[in-house]
Amino acid sequence: MSEGSRAYFDEAAPRWDALRKSFFSDAVRDKALSAAGVRPGGTAADIGAGSGFITEGLVRRGLRVIAVDQSPAMLDVVRRKFPEPAAVECRLVETERLPVEDGAVDHVFANMYLHHVASPADSIREMARILKPGGTLVLTDLDTHHFEFLRREHRDRWMGFPREDVRAWMSGAGLDAVSVDCAGERCCARATCGAVFADVSIFLASGRKGGSPAPR
Ligand SMILES: C[S@@+](CC[C@H](N)C(=O)[O-])C[C@H]1O[C@@H](n2cnc3c(N)ncnc32)[C@H](O)[C@@H]1O
């Protein structure tokens, strides 16, 4: 976990909702939630939750959410939006191990998080660890790109990912029914110099943890 990344997102937290809208549309969330087959009464973890983009969609659909992020300022925004702890519980993460018990949730989501972590393979293993048997992981993130300014200006660690790598990491984490496809959405940002405009396709990856879900 990097201090620079945490400081960047702490500073951006009050403006993140507006920034996020300028990068990609709400359709990314709709597609992620549909892919997971979320149902009212379920539990989900939103990893790298930011100001609660995915969390908000889950709460609207009647799920209980654990919102996890490295940035205290982002989690403060989430707490202000969802003050009821029975609906959304915020957990600050300070190491690469997620602060969630094994087999705790029906669904794990991570939107635009994976390209910020040191080891995507380890991170996916952690996300699989906290899923209940039969639970689903849905990742939405950037396909491989060549926009170097996203590293300098947005603290990205990875310049997107080849879909076959994501597929291998998910299978390696023990997930079944792995699929990595085009989300049909794009992420766009202009460099501060004004001369470069990044327009990057977004993939949607999903996988299921083996075993039968416990009856509700
Ligand atoms: C690009 S933002 C996406 C936020 C949100 N998911 C959204 O779609 O608006 C990435 C988020 O991941 C968080 N993050 C980055 N690296 C992290 C790490 N290693 N552990 C936990 N959170 C991390 C950042 O603090 C930030 O809130």
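I began with alanine 44 and, leaving aside its neighbours within four places in sequence, I found it in contact with Val38, Leu58, Leu63, Val65, Val105, Asp106, His107, Val108 and Phe109; two residues are in contact if their C-beta atoms, placed from the backbone, lie within 7 Å. I note that residues are numbered from 1 along each chain as its sequence is written. I also note that this is a predicted model, in which local features need pLDDT of at least 70 and side-chain atom pairs count only at pLDDT 80 or more, while totals for chains, interfaces and linings use all residues.

Next I looked up the core. Ala44 is listed with Ala32, Ala45, Ile47, Ala67 and Val108 as touching the most other members of the largest nonpolar core, which has 64 residues. Strand E7 gives the most to this core, with six residues. Such a core is a set of buried Ala, Val, Leu, Ile, Met, Phe, Trp, Tyr and Cys residues joined through C-beta atoms within 7 Å, where buried asks for 20 or more other C-beta atoms within 10 Å of the residue's own.

I then traced the sheet, and read seven strands in the order E3-E2-E1-E4-E5-E7-E6, open and with mixed pairing. Strand E3 (88-92) and strand E6 (175-190) stand at the edges with a single partner strand each, so one side of each is left without a neighbour in the sheet. Strands here are DSSP runs of E of at least two residues and helices are runs of H or I of at least four, numbered from the N terminus, and two strands pair if DSSP finds at least two bridges between them.

E6 and E7, by contrast, pair in the antiparallel sense over 11 bridges, and cysteine 182 has phenylalanine 203 in E7 as its bridge partner. E6 and E7 form a hairpin with six residues between them, and glycine 194 in the turn has a positive phi of about 85 degrees.

Last, I turned to the ligand, which 19 residues surround, the closest being Phe9, Gly48, Gly50, Gln70 and His116; a residue is near a molecule if its C-beta atom, placed from the backbone, lies within 6 Å of it. Helix H1 (3-12) and helix H4 (53-60) each supply at least two residues of this shell.

Technical notes: A residue is buried if 20 or more other C-beta atoms lie within 10 Å of its own, exposed if 12 or fewer, and partly exposed in between; C-beta atoms are placed from the backbone.
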